[in-house]
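Hello,

Here is the structure that I am handing over. My notes on it follow below.

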Amino acid sequence: MEGDAIAVFRDYLRGLPDELLQSVTEDYIWLASQIVIPEKSGTEFADRRECCREECLRRGEPEIYLRAAGEMKPHAA
């Protein structure tokens with residue numbers, strides 16, 4: 001993901017309430033897990049998942065990310 005696009009996504013995340021941040025984080029955790037070639041860690045979904053994690057930490061709410069990751073476990077293949 002290009003620098004401008006990632007900056008726009010980070011700004012978007014900053015404006016979300018906690019509940020919606022958790023939902024978006026769940027989505028990107030799932031999407032990033034669907035990557036077929038793990039060595040391609042620079043994919044857009046993985047980058048956005050990392051932005052979500054960083055936003056949770058920036059807010060001092062790491063449990064948002066942990067809850068999102070926990071929600072995805074039952075759906076993992």
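The protein chain exposes about 5000 Å², of which carbon and sulfur atoms supply 54% (accessible areas by the Shrake-Rupley method with a 1.4 Å probe; for residues, only the protein chains shown count as cover). This is a predicted model, in which local features need pLDDT of at least 70 and side-chain atom pairs count only at pLDDT 80 or more, while totals for chains, interfaces and linings use all residues. Residues are numbered from 1 along each chain as its sequence is written, and side-chain values use heavy atoms, with hydrogens and water left out.

Overall fold

The protein chain has four helices and zero strands (DSSP runs, H or I of at least four residues for helices and E of at least two for strands, numbered from the N terminus). Of its 77 residues, 32% count as buried (buried is under 20% relative accessible area, exposed over 50%, partly exposed in between, with a 1.4 Å probe and protein chains only). Contacts are heavy atoms within 4.5 Å; among those between residues at least 6 apart in sequence, 66% join residues at least 24 apart.

Helix 1

Buried residues in helix 1 are Ile6, Phe9 and Leu13. They cover an arc of only 60° around the axis, which puts them on the same side of helix 1 (the arc is that of the directions from the helix axis to the C-beta atoms). Their cover includes helix 2 (18-33) and helix 3 (44-58). The face turned away from the buried side of helix 1 carries the exposed residues Gly3, Asp4, Val8 and Asp11.

Aromatic pairs

Three aromatic pairs are counted (ring centres of Phe, Tyr and Trp, the last by its six-membered ring, within 6.5 Å; planes under 30 degrees apart are stacked, over 60 edge-to-face, the rest tilted). The rings of Phe9 and Tyr12 have centres 6.0 Å apart and planes at 35°, so this pair is tilted. Phe9 is buried at 5% relative accessible area, and Tyr12 is partly exposed at 42%. The rings of Tyr28 and Phe45 are also tilted, with centres 6.3 Å apart and planes at 45°. This pair links distant parts of the chain, with Tyr28 in helix 2 and Phe45 in helix 3, 17 residues apart. Phe9, Tyr12, Tyr28 and Phe45 form one aromatic cluster.

Cysteines

The count of disulfides is zero (a disulfide is a pair of cysteine sulfur atoms within 2.5 Å). For Cys51, the nearest cysteine sulfur is that of Cys52, 7.0 Å away. Cys51 is buried, at 2% relative accessibility. The sulfur of Cys56 is 6.9 Å from the closest cysteine sulfur, in Cys52, too far for a bond. Cys56 is buried at 0%.

Regards
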